[in-house]
Amino acid sequence: METLTCRFGGVVAVSAVSFAVGQGEVFGLIGPNGAGKTTLFNLVTGLTTPTAGRLRYQGHDITGLPPHRIAALGIARTFQNVRLFGELSALDNVMIARHVRTHSGLMSGVLGLPSARAEEHVTRQRAMDLLDLVGLADRPDEQARNFSYGDQRRLEIARALALEPQLLLLDEPAAGMNTGEKRALSELIRGVRTRLELTILLIEHHVPLVMDLCDRIAVLNFGQLIALGPPAAVRKNPAVIEAYLGDEA
Amino acid sequence: MNASLLVQQVLNGLAIGSVYAIFALGYTLIFSILRIINFTHGAIFTLGAYATYALTGASFGFNGLLANAALPLHLPFGLALVGGSLFAALCGVIVERLAFRPLRTRGADPLLTLVSSLGVAVALVNVIQYLFGAEAYSYPADPFGQLPMAVNFGFGGQAILVRTVQVIIFAVSMVVLAALTVLMNATRTGKALRAVAEDTVTASLLGIDTDRLILLTFVISGFLGGVSGTLVGLSVGIAGPYFGIAFGLKGLAVIVLGGLGDIPGAVVGGLVIGLVESFVPSQYIAYREAVPFALLFVVLLLRPQGLLGRAVVQKV
Amino acid sequence: MPAFLSAYDFLLVSMVLAAVLALSLYVPLMAGQLSLASPGFYALGGYIAAIMSTRVFPVTGGLYSVWLVLLEMVVAALASAILGLIVGVPALRLRGIFLALATIAFVEILRVVALNLTVTGGAIGIFGVPQPFGTQIQYMWVGLPLLGLCMLFVARLERCRAGRALVALREDELAADAMGVNPTRYKVLAFTVSAIIAGVVGAISAHFINTWNSRQGTFDTGVSLMAFVLIGGSRTFVGPVVGGLVLTALPEVLRGLADLGGLPAWFAQFLRDGRLIIFGVLIALGTVFFPHGLITPAVLRRFARRGGGKP
């Protein structure tokens, strides 16, 4: 329920980046391409191990934990290049993420024990609810790969939410969306944050979205933290402006 | 331990090892360029051995469809070796066109290509068995004419003998290693090959004729396979078509140990396995067959990139 | 009917056992793991049954008790599970090609070991494994329930939470990990289930073919199993079963064709002996044209619709 602190000393992509995210914040992470933002996400979710530094979450040191343990602790994410389970249906994709919140093992599942079946029913229901939340409840059985890019991104968010996370990491969720979709996404993120009491960490290139949504923003360039603060301050920061000179936001 | 016994065992190990090395060179070359494991190398190896045998005019045995068949040729061994290896190269190219190219154009997982190559290898070897039966064959005893049967590395009155053919195999493996290294590092073709290895799409965008280079890779690999098959057949006899599969399996151990795709690694891997096999104590000699696979298993667990390979970092 | 059954009894039972063995390749494949280790566990199971029935519970005359066969199957299952865990936990950290190679190595090591131990009969193997049944077709009493049970097990596995985890791993192991699925745990689980199935089939097979040696359960077997799953279908449990049944029957059908006469001698001979050639070519064709095999979930859905829709 408290804050997340990240202190990483270089993996080459991320160099001595350190910040703390407060509970309930929408925290933005921006920077030119290759600045190390996704690497940072990978560090936080355990897909990569930091060379130095520690990760603290809710008062615990979670450095070096494997991704599935971090997911169990309540940190969920979406991916920069959508990583859905393409062959599976939308519903199945979301149901899989219920894995850590459910318990039936192999034998009880195979034998069809009542506890397993009841749990399956609940899982299915929760998954449908989440699909409904992101507006995809009309096509639960459609293969995930058949969805449009924008819909896939929304599906990925639904999947991440199925983890019942307290911290949600969104990696460029608005990529490939048009203005209308971006607005809807913004609404969704705000809504989700309030309803589910989430803390959100957001990587995004679309600067207006970030300025609009985020309580605080961190700016990375070449793996280093060059600015940290509320949107208004960051926007005026000379180092940030310089970093973006070559890069159209 | 007796010094000359030690030397003998080392030399034996190198002899066995260079047999593996020659086989592995063609095997690992394909992986270095295409990132696939071409299990048909074992079948190509067998085809080369059989083709050379046929070209020397010898006849095939009692079983099989072509029992007692013989070519109306009696080429001297050297020419037969070249001819047989060219035939092997041709077969390699045909396999590439028919089995691997469709997978490549579909962007298939390398695992699928491995599976396909397993199927093709088993099919080819069984075709050979169907045509020529499963018996063992051996080449004419004196293929190189005047050379002595064995070379003596002995000192101080103790004879340490290594068969001439084994010395030749070792020499050939070194020559091939040198030639391939020169090719890959010092020629334009080599640079182009390495570009293809990095990224086929980019290479072709740069104007490199990837198709022709891939063909070249298979020609070289097939030729090497044929040469190694013939030399091995010369050294230990052709124990029937399945000896290619056995080699194909052992070859996997060699190239993984040396580092997949690493050309000097193929030789290092081969020599190491040969030496380890040679030093298996006599009471465990029956388990010698398992040595390459035990080494393969251990290497995969501890250091999958092999002795000379670089660790692969997976980008998320 | 009885004549048909007795003429083809060996084939029919072989088909059923092959189908079960194909399922043992399928389970790890559900998680995207190509494991060619099943032949090793098959060999282990066979040796356990052969040793138990010739040395531990030797029979003097008449039939061997079916209950003892079932006991052997249980022992084989346990041994395979244990060996599966021992081998699986380290090996399953490997991915893709590396895992396939490790399993190939495993089978070869077992083969050489079996070839040399006295308890396994060395190169000769074990002969005269006692029979629990008077005729071969009676093996169906064990074979068919075994197939039914395994099919049921895998079918239910496909639908439950654990099965979903396996499929997620197949689709995208990293994403599955990030969504809370412990990859090692489930891969080892699938591998162990696969080992148990293969071990049990091995145990019954030792009795069925009356003898067991190091030529049972080798790399070749692995290639055949691959053909069953690759051609039959790798995305649904029905695929391997159909693949195992059909591709085991195929050589016999071809042999029958060859015996019909009227075919050129070389072709007839090919039909008779070319089983592995055909399998090999089918595998190569399958990877290109049917990467998921012939029986896919889509095909099953169409079947279901046609069955349920049209009266």
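Helices here are DSSP runs of H or I with at least four residues, numbered from the N terminus. A residue is buried if 20 or more other C-beta atoms lie within 10 Å of its own, exposed if 12 or fewer, and partly exposed in between, with C-beta atoms placed from the backbone. By that rule α7(C) is mostly covered, with 11 of its 11 residues buried.

Before going on, a word on the model and its labels. This is a predicted model, in which local features need pLDDT of at least 70 and side-chain atom pairs count only at pLDDT 80 or more, while totals for chains, interfaces and linings use all residues. Residues are numbered from 1 along each chain as its sequence is written, and chains are lettered from A and ligands numbered from 1 in the order in which they are written.

Now to the contact between chains A and C. Two residues are in contact if their C-beta atoms, placed from the backbone, lie within 7 Å. On that basis, 30 residues of chain A meet 21 residues of chain C. On the chain A side, α2, α3 and α4 each supply at least two residues, and the largest share, 4 residues, comes from α2(A). This side divides into 16 nonpolar, 9 polar and 5 charged residues. For these classes, Ala, Val, Leu, Ile, Met, Phe, Trp, Tyr, Cys and Pro count as nonpolar, Asp, Glu, Lys and Arg as charged, and the others, Gly among them, as polar.

Chains B and C also meet, with 36 residues of chain B in contact with 36 residues of chain C. The elements of chain B that give two or more residues to this side are α3 (77-105), α4 (110-132), α9 (243-258) and α11 (291-302). Of these, α4(B) gives the most, with 14 residues. The chain B side is made up of 32 nonpolar, 3 polar and 1 charged residues.

Next, the nonpolar core, meaning a set of buried Ala, Val, Leu, Ile, Met, Phe, Trp, Tyr and Cys residues joined through C-beta atoms within 7 Å. The largest one has 282 residues, and those with the most contacts inside it are Leu202(A), Leu25(B), Leu296(B), Val20(C) and Ala22(C). Helix α1 (residues 3-34) of chain B gives the most to this core, with 17 residues. Domain 1 (1-74 + 168-249) and domain 2 (84-164) of chain A both contribute residues, so this core lies between them. Pick out Ala22(C) and, leaving aside neighbours within four places in sequence, you will find contacts that include Leu225(C), Phe228(C), Val229(C) and Pro240(C).

The two domains of chain A, whose bounds come from an automatic or database domain assignment, have C-alpha centres 26 Å apart. Their contact takes 9 residues from each of domain 1 and domain 2.

Finally, a stop in chain B: Val165(B) lies in helix α5 (residues 164-186). Val165(B) is buried because 20 other C-beta atoms lie within 10 Å. Not counting residues up to four places away in sequence, Val165(B) touches Leu234(B) and Ser235(B).
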